[in-house]
Amino acid sequence: MEQRLRGILEDAMAEMSGITDGRTLEEARVRYLGKKGRLTEVLRGMGALGADERPVIGKLANEVREKIEAMFGSVAEKVEKAALAEKLGKEKLDVTIPGRRRKIGKKHPLTQAIEEMEEIFIGLGYEIAEGPEIETVYHNFDALNTEENHPSRDEQDTFYISDNVVLRTQTSPVQIRVMKSTPPPIRIICPGRVYRADTVDATHSPVFHQIEGLVIDKGVTMGDLIGTLRLFAKNLFGEKTEIRLRPHHFPFTEPSAEVDVSCWVCEGTGCRVCKGEGWIEILGAGMVHPNVLKACGIDPEEYSGFAFGMGVERAAMGRHNISDMRLLFENDLRFLSQF
Ligand code: DAH
């Protein structure tokens, strides 16, 4: 038995000195020390030994096992080191190879324009309100004091979902929703998508964006409207910008005006961008009609207010000198990445 043990030790030593890879080493370990390994086999046979022989052989068996384990340990270490060295040798880093450029996205120019306008009004203490794009005829037209036979109600201009439901044609219905749910004072802007049955061309799209503004309080005057729009125009288009109001008609305001800003390119002298006018129309505005206040349960004797509505595409096109609205909806990265 003693001889068998020494034989095992010698064999293990001989075998191991030649091993250079992890897999062969593990196979050898199983063959010597595993459950069915040679050493385990010998230890199992110890029951047959006499009482005086057993401790001697047991001690020797333990020594042999420890030696073999230690040997396996040091060979394993060597094999691992060699493998690591080989791997490092192969994985040389070439710092001269150009990096892979990551494409970083950014906000759509329309989103940028909306956020810029929002910032200006938030600075003036306004809150942002939203309303549904699928809107009732009541909110989109009736409560806004729009005559029964007003041309904007025509099916040729408005997408009807049913007799009483439309895709909103303007952000003005949000005014109604806010006035009905919030007691004055009110100071809001409402950005959002609106829909009209227009054919697509360079200046028209059946889907576009507006920003609506509404202020309701005691003693609000046209002077407040003009002051607010002036400040807004200077913030958006530059300090030298002036505004001009031209009388107009909207069903939901009285008096009503169309508002122009002095051309941001020529500053009013006339150029290609303003078509020689010196002025560019940017929005509609006016003092909220008493009928609209009444429809929302607000007493026009006690409260007054102003409202305005502005096309976002137009403003963005003007500022960036974009000549065709379709570019804003085609999502061509060559165009979008310029902003
Ligand atoms: N809703 C109007 C439009 O789409 C724009 C507008 C004009 C909104 C005057 C207003 C306003 O709030 O007071 O043409």
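**Note on the ligand site, helix packing and backbone geometry**

1. Fifteen residues surround the ligand, and the closest are Q170, S172, R196, Q210 and E212. By class, the shell has five nonpolar, eight polar and two charged residues. Ala, Val, Leu, Ile, Met, Phe, Trp, Tyr, Cys and Pro are nonpolar; Asp, Glu, Lys and Arg are charged; the others, Gly among them, are polar.

2. A word on the model. It is predicted: local features need pLDDT of at least 70, side-chain atom pairs count only at pLDDT 80 or more, and totals for chains, interfaces and linings use all residues. Residues are numbered from 1 along each chain as its sequence is written, and side-chain values use heavy atoms, with hydrogens and water left out.

3. A polar side-chain atom of S172 sits 3.0 Å from a ligand nitrogen. The side chain of Q175 places an N or O atom 3.0 Å from a ligand oxygen. F308 uses its backbone: a polar atom there is 3.4 Å from an oxygen of the ligand. On its own, the ligand has 350 Å² of accessible area, and the protein covers 90% of it. These areas come from the Shrake-Rupley method with a 1.4 Å probe.

4. Which elements give two or more residues to the shell around the ligand? They are β5 (207–217), β8 (279–288) and β9 (304–311). Helices (H or I, at least four residues) and strands (E, at least two) are DSSP runs, numbered from the N terminus.

5. Helix α1 (residues 2–17) packs on α2 at about 175 degrees, with axes 11 Å apart. Axes are lines fitted to C-alpha atoms, for helices over the stretch in contact, and angles run from 0 to 180 degrees between N-to-C directions. So α1 is roughly antiparallel to α2; the cut-off is over 145 degrees. On α1, the contact uses I8, D11, A12, E15 and M16; on α2, it uses L25, A28, R31 and Y32. Contact means heavy atoms within 4.5 Å. Six of these residues are nonpolar, none polar and three charged.

6. Helix α2 (residues 22–33) also packs against helix α4 (residues 53–90). The angle is about 170 degrees and the axes are 10 Å apart. The pair is therefore roughly antiparallel. G22, L25, A28, R29, Y32 and L33 of α2 meet R65, I68, E69, F72, V75, A76 and V79 of α4. That contact has nine nonpolar, one polar and three charged residues.

7. Helix α5 (residues 109–123) and α10 cross at about 100 degrees, axes 10 Å apart. They are therefore roughly perpendicular, a label for 65 to 115 degrees. L110, A113, I114, E116 and M117 of α5 meet V312, E313, A315, A316 and R319 of α10. Seven of the residues are nonpolar, none polar and three charged.

8. Two cis peptide bonds deserve a look. One joins P184 and P185, with omega about 5 degrees. P185 is in the loop between α7 (173–181) and β4 (186–195). Another runs from E254 to P255, with omega near -5 degrees. P255 lies in strand β7 (residues 253–262).

9. E267, not a glycine, has a positive phi of about 60 degrees. E267 is in the loop between β7 and β8. N331, also not a glycine, has a positive phi of about 55 degrees. N331 is in the loop between α10 (312–320) and α11 (333–336). Most residues other than glycine have a negative phi, and most peptide bonds are trans.

Note on methods. A residue is near a molecule or strand if one of its heavy atoms lies within 4 Å of it. A polar contact is a pair of N or O atoms within 3.5 Å; within protein, one must be able to donate a hydrogen and the other to accept it, and residues adjacent in sequence count only if both atoms are side-chain atoms. Angles under 35 degrees count as roughly parallel, over 145 as roughly antiparallel, 65 to 115 as roughly perpendicular and the rest as oblique.
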